[in-house]
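Hi there,

Here is the structure I promised to pass on.

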Amino acid sequence: MQIFPKTLNILPLALAFVTFVAGGAVTGIVWFYFSPKNFQVGYAPEQPVAYSHRLHAGQLGMDCRYCHANVESSAEAMVPPTQTCMGCHTLVKAQSPRLQVVRDSWASGEPIEWVRVHKLPDHAYFNHAAHLNAGVGCASCHGRIDQMEVVAISQPLGMGWCLDCHRNPGPHLRPRDQITNMAWEQTASEEAVQALAANVHPPENCSGCHR
Amino acid sequence: MTSPTKTNTTVESDERVASLLLAEYETPDGCADAAAKLRDAGYTKFDAHTPYPVHGMDAAMGMRDTPIGWIVLAMGMTGCLAGFLMMFWMNGIDYPLVIGGKPPDAIPSMVPVMFEMTILLSAFGAVFGLFGLCQLPRHHHPIFNSDRFARATDDHFFISVDASDPKFDLKKTRLLLEGTTPAHLELVEEYAS
Amino acid sequence: MSKREKYSFAAAPATAKKFWKSLEAKENPAAFAKAAEPEFPMGVGTVEDAASVSRRGFLTVATATAAAIGLEGCVRRPVEQILPYAQAPEYLNPGVPMHYATSVERRGEALGLLVTTHEGRPTKIEGNPEHPASLGSTDLLAQAMVLDLYDPDRSNAPKQGEAKKTFADVDALMASIVRTHSADAGAGLRILATPSISPSFLRLRAAVQQRFPQAKFYTWTPVNESNAREGARLAFGEPVVAHHDYQGAKIILSIDSDFLQTESGSIRSARRFADGRRLSQATDSMSRLYVVESTHSTTGANADHRLALAPSKITAYLRALAKELATAHRIELGPLGAALQGASNAGLPTKWISNVAKELVGARGRSVIVAGSRQPAAVHALVHALNAALGNHGATIVFSSVADTTETDQTASITAFAAGLEGAKTAIILGGNPVFDAPADLDLATKLARVETSLHFSGTHDETCHATKWHVPRAHELESWGDLRALDGTVTIQQPLIAPLFGGRTDLEVLAQLAGERNWRGYYVVRQTLRGAAGVQNGFESEWRRVLHRGFVAGSAEPPRPGVIDMSRVATALGRSEPAVDGFEAVFLACAKMLDGRHANNAWLLELPDPLTRITWDNVALLSPKTASELGVRNGDMIRVTRDGTSIELPAWKLPGQPDKAVGLLMGWGRKHAGRYGNDVGFDVYPLRRSDALHSAAVQVAKLAGSYPISQTQDHDSMEGRPIAIDGTLEEFKADPTFAIHRSPTPRTLPLWREVEYRGHKWGLVIDLGACTGCNTCVIACQSENNIPTVGKAMVAKGREMHWIRIDRYFVGEDANEPEVAFQPLACQQCEEAPCENVCPVEATAHSPEGLNDMAYNRCIGTRYCANNCPYKARRFNYFNWHTKNEADEEVPPTRQMQFNPNVTVRMRGVMEKCTYCVQRIETARTATKIAGRPMRDGDINVACAQACPSNAITFGDLNDAASRVSRQNQVSRHYKLLADIGAQPRTTFLAKVRNPNPEMSA
Amino acid sequence: MSEAHFTPVEEELAHGAESPIEYLGERNLLPPTMTMRQLTETVCAPTELKTPKAWWIGFGIALMGAGILGASVSWLLFKGVGVWGNNSPVSWAWDITNFVWWIGIGHAGTLISAILFLFRQKWRTSINRFAEAMTIFAVMCAGIYPGLHTGRPWFDYYMFPVPNSMVLWPQFKSPLMWDIFAVSTYFTVSALFWYVGLIPDLATLRDRSTGDTLPRKVRRFAYGFFSLGWRGSNRHWQHYERAYMILAGLSTPLVLSVHSIVSFDFATSVEPGWHTTIFPPYFVAGAVFSGFAMVLTLMLVCRSVFDMKDVVTMKHLELMNKIMLTTGSLVGYAYAMEFFVAYYSGNQYERYVFLNRAIGPYAWAYWSMIACNVIFPQVFWWKRMRTSIPVMFVISILINIGMWFERFVIIVTTLHRDYLPAVWGMYSPTIWDMGVYIGTFGFFFTCFLLFLRWLPMIALAEVKATLPNAHPRKSHAADHADDHGHDTNLAEEPTALPAE
């Protein structure tokens, strides 16, 4: 006897459609959306102090190392102590209400609770000193900090992204004196670039970054 | 199964068109003879419905060989190649690492996976090829309008002649089939939709 | 598996929270400045201030506290905070570890240490290469002491009875004590301290004595040098320290001395001993070690010939030997000769007398006889006499004076203290734990209870604190200012790496308060002592800075001198020989791990397998297999050891090589108030230890019903005739210098593929089995460097211990009662064709271009296939989350996390781990040298195990650098690869052990 | 109908069959009086009649077992692999033992369906459906282990070659990767093979489920849906037969490859007692051995519960016993050969491992294995034993026990004492080891009982094709149309009479 309506005969077509089209779509979405590029980039938490890199690093043109002093000698790029802020702000904007938190910290000795922005997975041992001394500029990973009112992540910071540079460092290297130059552009010739990369041997094996 | 020429009665619209003639036989031989007759009479759009594959029926119906083997072969080779390329690219090209001091793109260790991929895709080829060639699933078919047809999956043998067959003529075809002494003969109709 | 989780105290349990609060309070600069006021008067802004501040610094960039935001379900990750300093300490570079020189006292020796601190947290201890006593290495206990610093059960406040008090109360109490005893000139004042080698301590003790002339000082520590001192006093008329040249000596005879592990100055002894036996080619010579001992010690395990004698027989043996020397070999012993007439060889193997005597005479001036601290003063005196007669004095043995010449026999001293407690008003106990470890017959607990005011200064609220009225936290060595005098006289500085985590005073500070010093803080005490010392008068500040930097006062070692011996006094001291005990004797052994019990709450040491029995988390009664079978006890069966009336019950254990009828009892176990790890672990043997027989005593032994579960890391003692820890005799070596590689040859097969070439660096490790003494220091060094967890007794029993490097111990030879021992340190061999890598489905373990067998923990999914396929079974698997909870579901305290090395991932549950050649050190050095713009040189990198090894048995370096130490070691002919026939091409290789037996002994 | 109806083998042979195989293929295995209708009725009855009480009892117990599985697995995931007895050096123990055991069980199905099919063994038709179902469920049980024995199962996806932000890929040199591909392929293909075989029979059930009560409607709808509108068209049968044969042809090397690859997990390692070239054939033989034993065990039960004595006859059972006798002896040979090779190699580690198996701490396991796998099956040399239901039932169970011990012996006795005596250890299971194992049984039987209740446990269409007079006596091959039906028959070549 006839059990099913005629319309059910389109089932095979429907199934094919679902498997190929919908399946493909899902894969694509997952592939894109669940990637660091999507997860990381653009994360810009609000900070306890409305510190503007655009003002300090950009307009005032302060060098990164004025505050992140030990970045060339340490794995950590050290957030400056309140001390450093007070170095200027005892004279400049000494009464500004926006700096109240800083003054309180200085008075009480309690640290300012900055919110961490750039964070690699804990098992990835990134070393600022190593990269800076190899000629990787701040901007390469942190983007145009000097144009950020609030610091945001500008690069995926995923393993794939790291490897892109580790496999072909040349284009990302710059002269040592340009490390903190945010506006620096790669103008050197291909030969020059490769020459620069010649004595840089970024690891691609596990223990290079994971210990 | 009352009158010899019963047509099914459950009707929504009176618009009915002849869909196919359905002849029922007790034995495979009767069925096969009928098939042979239809073949010799030059019918093309007719079919035999049996509870199990009856041997000689293909010949009786004058069918050509099935191409499914070629589909499987193609799929199998695809699988083998895909497996090889996948491993060679992943371990050998995209991220070569020294594993146990061996070359990253060592071929011998790829053989098992290549083999399994071959089998897997071949199997897909066989099954989905089968569905494709048989145009299954097809849940609705006019032939199901016949109540007696249920025995086609039990112990009886049927011959159906499709109305769309160029040589199909209600009278002539019926005569032809009656000539094969079917246990039962009926006209299956389908609602024009 | 986060290297930063460890800083996150958000999840810490309530108790920990409390602790942390107090710590933050300490961090609050205002409060801190106030607390430190007496230490830093206004205006003083000197280097060491800053330095000490920086070491007190705790909050750092790295200490980021993860705190997930509750309601923002869609947040992409938990918000994490960065807490920079408000005021940054000078010289602190967050992320870059700093190293400070300090020191610790060990059995009368001062070990110079180099401590690594990360943002103010001491994490790793190394030896100070320039220090004469440590020579850049450390011993077992020094490696482990950093964990003691973070012991969660250290007392964190003074207590009166059980009531918590403050340090203000303590100061008040001290003041009142001073007041009372100013009245009676200290008549009622009794002070018991551990023997000190600190110049400051002696100075202050004198000052206190001066202030309270009637006050009495006593000295006690259960494992002490009194016998040696008294022996020296007999022989030379003054207590001197003997320095043995184990390197120069050709024949070494140890009379019950474990100079390689538990005796004083063991690091230097082990180094020199190994140096005297390193063979590189057939022409080299090596020393021969005879050991006569009353247990099976590490030294015995390294002997070429070993005689196990019941303790009472050892004196007899030495007398017999002396007599043989005097009579058979005409060695001039003067009046001593007469005293030895009585000596007989009864019950002693004659070949051990005749041959050893012959050997000693044959090596006049190039031999060493050394007596162990268990042996009575008379034996020490006799040994001095024999050495003198053999012309070893001034040649292989020199002497220097002791730090504290006034110190008397400690047994007498503690007995006097106990007696003196009657009618004492005040008893002050500085450190130690006498109620637990003093001779049982003194019954200190009840006597102390009668004293009106009694204080105990100690790190934990231990047994003694429960007997005294007051308990005051005592600062850990790494928290204290102090100074120590090494055996050779070198004045060594002890500087704090961190402010006392739980508060706490040092002995010096207590004495200084009693002595009424204005600046009683340790810092000033030490500076004043040093200033008082000769040579550092002018330009003190700069000298002080140099001393702090170097860790000791250069050139303060006193010139060694030969001793002038008085044979007649030795003769009289020798007196008649006591009859040998027949029947059972108990020998009280200093435990290589617990020492006297002070490390009882140190999980690393508790889980460390005993060098010979491989037992963890317990101590046992050691019996010889023969004795055990006579008693009908199997391993683990409970026995009762009775000494007139008093008895203890503990499990028996068969230790091949233990003398028959001698029951070896390891001291320091079975503590009641050690802490969460040490309480009721093992069995307390002190109840049998009396003032009349401190080191061995006649006992009765009875088998009890039932047995006790013991956790071992190795339960199979035989090598099954396989070429594993390969050893040979000197003859074999001279006949075929490459005998080892012939026993474990690498199969010669054509490769199926092109083998990997290692350009650039090629890291390799060579382990000299001839030098390894089996002391297990490397195991703890590795544990502290690589954040290796402890798993607890039950899990060890299951075979889940986590040590990356282990020391396999095999008994060689037919006779179970006289075995030879082979030690083999084994970690990941970094095979060039690693079987483990082939089978990992996810590339979690792969090879680096420099030949390391990398292990990416974060990639590991834990199939454990690699462990199966590792022929060396060098891989360890985290069956549980050892770092957050132990298998008994007890939270691991956050203080434990403070010890973690931030450069090593803390592995989580379900992850495989193993030795990586300390890859974090390699990468750190790589970065550093890159920045410095120079290539890495040999010695820039050293792995933790090699660095700690007292006998330099382990060498690490670049095999592609032909000049490197490791390359040279690799050329030594004793060289072989373990299980070479598997063809895994191990990168770590071994040098076979060569024994130097005397052919005549076997004849 | 009882077995008494059958003419004894000797007599059959006397009727001039060339070989036993030939005779098996030629003569009908079913009672001569069995009609197609009766056959349909017998096979469909269990799915249509009221559920027997025995089924409910069994199902209840099975469900409880499945519950145990759930509990054990949750605890395992919550606490970690540490809840098992695994340790160093025995990093693999019950987990992999049970994995290999279940996979082995899973071999009979495809083997019976595929290899016997290719050999034209008509007698397979009454047991292949059954065996295939068992295969699928056994492989499911096996699949549980590799997934859960890892330390961090939530990262198992690292083993799948999918693009990821770490740009890392699986390591295809690892036998575990081969395993993953082999087992998943095996499962997929077996399932497809099974389903394709089911389609015509589902159609039969569909067409039998008439009536307007709700249950009937549901049945009709369900069977109708999954039979995909099958209408027995000969034009379909043609493709169907060829596809089925191809699947059989694919499954045959597949079934051999799967256990070979499982054996590579051990054979490619460096461990003494594992690193052996004999493993692949030895494992396959063992798998077939245990597979047949399991089929027999289950078959005997169902046969009596659902009264299928006429479909699954004593002849079928006897043949299976013969196969078990053969494979059992093969396995026995492998055991002997292992010892010989170890001795002859002169390699001390190999020698020790095998001595240790026979006389070491786990000797009891080794000798139980020998007894169950090699000694007991020898009774099948006697026809009386071969044809005694109780005997074969007991033996089949013993064989499954023995084969479990084989895997346990291979894995544990090798690991617990390999190269360095210093790290030798022992292994003992915990209740959670047992919980998971018992649980897999629960899961297996849950699935299996559902299968018995709702699906035809006999390949109806195939059995029909083996009935006498199932096929036209004369060929209708026309001169112009060449016949392609013959080479692709489900059964053996029909004895074609000359066309009149």
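Below is what I found, starting with one interface and ending with a single residue. Please keep in mind that this is a predicted model.

**Where chain D meets chain B**

The contact draws 72 residues from chain D and 76 residues from chain B. Together the two chains bury about 6,700 Å², with 66% of that on carbon and sulfur atoms.

Two salt bridges turn up across the interface of chain D and chain B. If you want one to look at, R37(D) pairs with D154(B), and their closest N and O atoms are 2.6 Å apart.

On the side of chain D that touches chain B, the elements giving two or more residues are α3 (36-48), α8 (175-208), α9 (214-226), α10 (234-267) and α18 (460-465) of chain D. The largest share, 17 residues, belongs to α10(D). By type, the residues on this side of chain D split into 37 nonpolar, 22 polar and 13 charged.

**A look at R116(A)**

You will find R116(A) in the loop between β1 (114-115) and α7 (128-134) of chain A. Is R116(A) buried or exposed? R116(A) counts as buried because its relative accessibility is 11%, and the cut-off for buried is under 20%. Its side chain reaches the backbone oxygen of H118(A) at 3.4 Å. R116(A) and Q47(A) are 69 residues apart along the chain, yet their C-alpha atoms are separated by 9.0 Å.

Happy browsing, and best wishes

Methods. Residues numbered from 1 in each chain as written. Chains lettered and ligands numbered in written order. Predicted model: local features only at pLDDT ≥ 70, side-chain atom pairs only at ≥ 80, totals over all residues. Heavy atoms only, no water. Contact = heavy atoms within 4.5 Å. Buried area = accessible area lost by both parts, 1.4 Å probe. Salt bridge = Lys/Arg side-chain N within 4 Å of Asp/Glu carboxyl O. Helix = DSSP H or I, 4+ residues; strand = E, 2+ residues; numbered from the N terminus. Nonpolar A, V, L, I, M, F, W, Y, C, P; charged D, E, K, R; others polar. Buried < 20%, exposed > 50% of the residue type's maximum accessible area, 1.4 Å probe, protein only. Polar contact = N/O pair within 3.5 Å; in protein donor to acceptor, adjacent residues only side chain to side chain.
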